[in-house]
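Here is a short briefing to read alongside the model below.

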Amino acid sequence: MASSSAKSLFSSPHFTSFNRSSHSKSPLLSFSNSSVSLNLHPLHSSSPSSSSSSNRCNFIPLRSVLKTVESSGLEVQNSDLVGPTFPNDRSTILVAEKLGEAGLKLLRSFGNVECAYDLSPEDLCAKISSCDALIVRSGTKVNRQVFEAAKGRLKVVGRAGVGIDNVDLQAATEFGCLVVNAPTANTIAAAEHGIALLTAMARNVAQADASMKAGKWERNKYVGVSLVGKTLAVMGFGKVGSEVARRAKGLGMQVIAHDPYAPVDRARAIGVELVSFNQAISTADFISLHMPLTPATSKVFNDDTFALMKKGARLINVARGGVIDEDALVRALDSGAVAQAALDVFVEEPPPKDSKLVQHKNVTVTPHLGASTKEAQEGVAIEIAEAVVGALNGELSATAVNAPMVAPEVLSELAPYVVLAEKLGRLAVQLVAGGSGIKSVKVLYKSGRVPDDLDTRLLRAMITKGIIEPISDSHINLVNADFTAKQKGLRISEERVLVDAPPEFPVESIQITVSHVDSKFASAVTESGDVVIEGKVKYGVPHLTRVGPFDVDVSLEGNLILCRQVDQPGMIGRVGSILGENNVNVNFMSVGRTTRRKRAIMAIGVDEEPNKDTLKKIGQVPAVEEFVFLNL
């Protein structure tokens with residue numbers, strides 16, 4: 001499948017190849033080009049398992065994969081980045097809804113902050129093209145029109161809170177914009193508010209307060225119900241739901257929960273039984289909602305649902321207003337199917353002044369106060385500011401909602417392998433020449449861990465990025481890498497193989513096989529006709545360890561020259577001298593061969609990009625049969 005003279009896919013001098021045909025008396029020198037203008041810093045680590053210090057948002061430095069820098073005299077556009085990357089640049093951050101002062105202080109220390117509240121959709125679209133980041137709460141709709149108006153500049157949207165139903169995640173992903181939220185800081189505040197509404201509703205606190213302030217004394221009218229021994233159904237057993245369950249248990253309630261994704265052992269640990277949706281709503285005296293608003297949960301509490309409830313059940317909602325059909329709830333309250341409701345959230349916020357639901361005598365309402373404590377507001381402001389600043393710095397937060405969701409400890413562990421994966425992807429695509437392009441890639445992970453213990457989602461995303469970016473006019477980053485691969489018809493399959501290797505390191509090696517392509521470096525092709533490269537991490541630094549059938553060992557910290565040569569003395573010195581005479585520093589060199597005194601592969605790591613004359617001199621060395629310069 002290899003072709004020594006096939007025309008390359010690339011069209012810039014950054015990828016240079018040379019091949020001397022065995023049937024030609026004079027060397028055939030071909031220079032080929034690419035539209036690639038991205039060079040990435042290597043991630044330095046003292047060991048494969050080294051990690052950065054943790055903070056509130058569990059950042060792991062991924063600058064080498066999220067951050068583009070000026071290198072080798074190439075011009076870099078801000079639109080290529082996940083965040084600003086030049087030290088003298090200050091990002092522009094638009095805060096569209098009120099944020100705590102501690103968060104604003106952190107943002108101002110990093111960039112230029114504009115606080116513009118109550119923007120109309122048109123005003124938001126007009127401003128967004130000059131912004132690198134946008135921070136909102138639940139009141140601002142960040143839809144497709146906003147991302148289109150941003151014209152590729154917007155790199156991160158921060159949602160100061162948990163829910164992200166006001167952000168178009170599909171559009172954000174397509175435009176390569178990271179979306180982060182602040183899911184932990186207001187957890188306790190929301191849970192406490194849920195319990196406050198529960199108890200206030202049970203004892204008619206709001207109605208009795210209004211009655212007394214109207215000059216009345218109606219003890220008999222506001223007789224409540226006890227909580228002890230009653231059954232509470234928690235619908236959605238995430239962070240807030242589980243904290244509500246803990247507190248309800250302390251009040252002597254029997255707690256059941258429904259959540260199709262909640263671990264059974266976590267529920268059992270706090271004495272909660274997980275049950276089906278229908279079982280939960282049909283047996284509970286009180287129902288507390290803590291589910292996200294999705295197409296599946298929109299108006300899930302409707303006429304049919306209320307008909308299944310235990311007659312006289314009481315409903316609490318501190319999650320999302322859209323999960324309840326508000327007209328159906330009014331009917332249920334009027335008929336007595338639902339005795340009372342306590343609501344902090346509504347479909348439309350603020351709700352209309354004449355809302356039948358808000359004005360209903362058996363409804364207790366608050367104006368979306370779930371996260372409204374001083375402590376929570378400060379915590380959310382800091383959490384979202386850290387997440388946004390981290391993203392603009394090229395770091396990946398564990399709170400990213402439209403990037404591969406990887407646990408913080410896994411991020412730390414995989415950090416050096418992320419760099420390896422991206423660089424192997426870049427190498428693979430530069431070794432391909434002509435033909436119909438790359439359509440099928442197989443990734444083989446060798447590990448001392450059983451396959452189920454190896455999370456490769458982040459590695460796959462970075463291999464995809466490395467393969468697509470050099471041959472695409474799209475702006476590719478971690479967020480939209482998988483989406484773009486699917487769009488371009490690139491199929492990436494993965495295989496995990498258990499090998500005899502130390503299990504404390506997640507990956508022993510990563511091998512990439514590109515099938516059904518021609519290669520601009522024939523030696524990278526195996527007997528099966530596939531382009532194969534392999535690499536591993538050594539002392540925290542990515543290394544190339546295999547090219548086709550040849551074993552090599554070269555650091556991937558700079559750029560790379562691969563030479564196929566006759567295996568004879570003096571070759572390292574001759575090529576090294578040519579590079580040195582032209583002021584090109586060699587940082588690493590390795591020679592691999594299949595048979596002594598036959599053919600060998602010399603892999604040379606170089607700090608600078610050799611000029612055309614230097615590369616031509618290498619090609620003119622009689623024993624050099626082919627070579628390729630690869631820009632990492």
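In this predicted model, the largest nonpolar core holds 51 residues, and Ile-510, Leu-544 and Leu-562 touch the most other members. Helix H15, residues 408-430, gives the largest share of this core, with 11 residues.

**Nonpolar cores**

- Leaving aside residues up to four places away in sequence, Ile-510 touches Tyr-417, Leu-420, Ala-421 and Leu-424, among others.
- The partners of Ile-510 also include Val-443, Leu-444, Tyr-445, Leu-459 and Ile-463, as well as Ile-533, Glu-534 and Gly-535.

**The chain overall**

- You will find 19 helices and 28 strands in the chain.
- Of the 632 residues in the chain, 55% are buried.
- Among contacts with a separation of 6 or more, 67% are between residues 24 or more positions apart.

**The second largest pocket**

- The second largest pocket has about 340 Å³ of space.
- Its lining is made up of 18 residues, and those closest to the centre of the pocket are Ala-96, Glu-97, Asp-118, Gly-139 and Thr-140.
- Sorted by class, the lining of this pocket has 8 nonpolar, 5 polar and 5 charged residues.
- Two helices, H3 (121-128) and H4 (144-150), each supply at least two residues of the lining.
- Helix H3 gives the most to the lining of this pocket, with 3 residues.

**Salt bridges**

- Side chains of opposite charge can pair when their charged atoms come close.
- How many salt bridges does a search of the whole structure find? The search finds 20.
- Glu-101 forms a salt bridge with Arg-108, with the closest N and O atoms 3.2 Å apart. Arg-108 counts as partly exposed because its relative accessibility is 40%.
- Asp-303 and Arg-331 form a salt bridge whose closest N and O atoms are 2.8 Å apart. This pair links distant parts of the chain, 28 residues apart: Asp-303 is in helix H11 (residues 303-308) and Arg-331 is in helix H12 (residues 326-335).
- Asp-303 has a relative accessible area of 37%, so Asp-303 is partly exposed. Arg-331 is partly exposed as well, with a relative accessible area of 43%.
- Glu-626 forms a salt bridge with Arg-564, and here the closest N and O atoms are 3.4 Å apart. This pair too links distant parts of the chain, 62 residues apart, with Glu-626 in strand E28 (residues 624-630) and Arg-564 in strand E25 (residues 559-566).
- Are Glu-626 and Arg-564 buried or exposed? Both Glu-626 and Arg-564 are buried.
- Glu-243, Arg-246 and Arg-247 are linked in a network of salt bridges.

**Ser-335**

- Where is Ser-335 placed? Ser-335 is in helix H12.
- Ser-335 counts as partly exposed because its relative accessibility is 48%, which falls between the 20% limit for buried and the 50% limit for exposed.
- From C-alpha to C-alpha, Ser-335 and Lys-311 are 9.9 Å apart in space, and they are 24 residues apart in sequence.

Methods: Residues are numbered from 1 along each chain as its sequence is written. This is a predicted model: local features need pLDDT of at least 70, side-chain atom pairs count only at pLDDT 80 or more; totals for chains, interfaces and linings use all residues. Side-chain values use heavy atoms; hydrogens and water are left out. On a 1 Å grid over the protein atoms alone, a cavity is a set of points where a 1.4 Å probe fits but cannot get out, and a pocket is an open set with protein on both sides within 12 Å along at least five of seven lines; lining residues have an atom within 4 Å of a point. Grid points are joined across faces, edges and corners, and a volume is the space filled by probe spheres set on the points. Helices (H or I, at least four residues) and strands (E, at least two) are DSSP runs, numbered from the N terminus. Ala, Val, Leu, Ile, Met, Phe, Trp, Tyr, Cys and Pro count as nonpolar, Asp, Glu, Lys and Arg as charged, and the others, Gly among them, as polar. A nonpolar core is a set of buried Ala, Val, Leu, Ile, Met, Phe, Trp, Tyr and Cys residues joined through side-chain atoms within 4.5 Å. Buried means under 20% relative accessible area, exposed over 50%, partly exposed in between (1.4 Å probe, protein chains only). Contact means heavy atoms within 4.5 Å. A salt bridge is a side-chain nitrogen of Lys or Arg within 4 Å of a carboxyl oxygen of Asp or Glu.
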